[in-house]
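Open the model in your viewer and keep the selection tool at hand. The stops below say what to select next and what is there.

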Amino acid sequence: MTSMEPVFTPDPMIAISDVSRAFKGTTVLDHLSLDIPAGQKVALLGPSGSGKTTILRILMTLETIDSGQILIEGVPMYDTASGTPHLLPENRLRPVRSRIGMVFQHFGLFPHLSVLDNIAFPQIFNGRARKADAKARAHDLLKTVGLGDKAYLLPDQLSGGQKQRVAIARALALQPDILLFDEPTSALDPQRVSEVLDIFNMIADTTGTTMLLVTHEMEFARRFADRILFFDHGQIVEDGPPEIVFTNPKDARTRAFLGLPSLNA
Amino acid sequence: MTGLVLSDLARSILHGLGITLLLTLSGSALAFVCAFVFGLGRISRWRSVRIFSIVYIEIFRGTSVFVQVFWLYYALPAFGLLLSPLFAGILGLGLNVGAYGAEVVRSAVQATGQDQYEACYALNLTRYQSYRYIILPQAFPRMLPVFGNNMVELMKASSIVSLISLADITFQAQQFRIRTGETFLPFAATLIVYFLLYLGILALVQAAMRASGPKSMKV
């Protein structure tokens, strides 16, 4: 307090600043602001249509924003000089986007390529590795996710849970700083869910990747996340560590969603 | 007498077969190129490319191949462009069938799931990489059966070049009929030869389908 030395505050890994987005007149995100520090494990919860998947798609630049700005470690994704945000041109956006990976709800594996090539191919075409190195790395990642013996199968020969692990390995192969997971447990048998959790924790522990996941499963969110964001109508109505959000949320909508009694009852 | 007639017929049909094969193969090659250029042009990011592609596709699908070949051979000289019959024939057939092929390419590419495009984008592939290695390899097997049908149509339509004095099978059969007065033999032979060509194209398409099935990629 007495010191006059400047305090070094690193830019958050993700800074979402006053972002709004509407689809055909329906507001999906309503002046949303959110900072996520590097290495945080964040679970996005909330009813369907509350905007949580849209957040992931916007971070991946699969969707754009109507107003606001998004910064990845201080680097903007949008040109806001004209007042309305325009996504940066591809040559400037690429370096930012390449720091982000996404595992889709339905995985988006390439059905005509072997499991190994699904993982090796993006590395080669991003100039991350030569063919032999990319394949070696793909083999390593497959072993890590417990699919070392499936390298030469086609994706359609795998179960849903196995496909998901291939999709995770494929995203990890590009060594993203941020990993986005859209409904990672929706395609899994309940007994497989803890396997996925183990993989997520392994990723967090070994790479320090910032992870955001959208889910409907409270228990999964509670065990995975250091931070829970509860969405409703395009706004964050609850933000805190799982032990607080799940046991004593402030917001009435969160309480209702979690089946807790109303505070002023 | 009959032996002489038969060997004369065989010689004529074989001569014609060369021209028909040349037209079918060259026309199909041109159609194949046009199909991809204008099929992808139709869904280009650039409006001018889209419009140019649509104009080409609709003009060539909307008028008969007959009229198109006549235009190339008889009308273009009026504008100072003189094409040989063979070149006019290949060009007319190729451009016509290419317009149909372009729609096949477009619909096969658009039938590829949105998830594939989004995965390409999320994995930071360039547009070229996405189409060349992910989208088109999945779409191509869907195009092949229709390409096969188009090639058969092209082969059958090639008989119209007899009207711009190209000596294809149909032309040779007509000549033979005029020369000998025989009607049944030349047209029976024509029928059989066209049908054999059809079987050949079928075999070609099936071989291509086998070769384009899912397999590990070679980068």
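**Stop 1: the cores**

Select A:Ala43, A:Leu44, A:Ile119, A:Leu142, A:Ala169 and A:Leu180, which touch the most other members of the largest nonpolar core, a set of 115 residues. A nonpolar core here is a set of buried Ala, Val, Leu, Ile, Met, Phe, Trp, Tyr and Cys residues joined through C-beta atoms within 7 Å. Buried means that 20 or more other C-beta atoms lie within 10 Å of the residue's own; exposed means 12 or fewer, and partly exposed is in between, with C-beta atoms placed from the backbone. Next select helix 4 (residues 85–110) of chain B, which gives the most to this core, with 12 residues. Helices (H or I, at least four residues) and strands (E, at least two) are DSSP runs, numbered from the N terminus. A second, separate core has six residues, among them B:Leu9, B:Ile13, B:Ile169 and B:Phe176.

This is a predicted model, in which local features need pLDDT of at least 70, side-chain atom pairs count only at pLDDT 80 or more, and totals for chains, interfaces and linings use all residues. Residues are numbered from 1 along each chain as its sequence is written, and chains are lettered from A and ligands numbered from 1 in the order in which they are written.

**Stop 2: confidence**

Colour chain B by pLDDT, the predictor's confidence in each residue, from 0 to 100. The chain B average is 91, and 96% of the residues score at least 70. Within chain B, helix 2 (residues 47–62) has the highest confidence, at 96, and helix 7 (residues 169–180) the lowest, at a mean of 90. The model scores ipTM 0.88 and pTM 0.84.

**Stop 3: A:Gln69**

Go to strand 4 (residues 67–72) of chain A and pick A:Gln69. Is A:Gln69 buried or partly exposed? A:Gln69 counts as partly exposed because it has 17 C-beta neighbours inside 10 Å. Its C-alpha atom is separated by 6.9 Å from that of A:Asp18, 51 residues apart along the chain.

**Stop 4: two residues with positive phi**

Select A:Glu183, in the loop between strand 9 (178–182) and helix 6 (193–207) of chain A. A:Glu183 is not a glycine, yet has a positive phi of about 45 degrees. With 19 other C-beta atoms within 10 Å, A:Glu183 is partly exposed.

Then move to B:Asn124, in the loop between helix 5 (114–122) and helix 6 (127–157) of chain B. B:Asn124 is also not a glycine, and its phi is positive, about 70 degrees. B:Asn124 is buried, with 22 other C-beta atoms within 10 Å.
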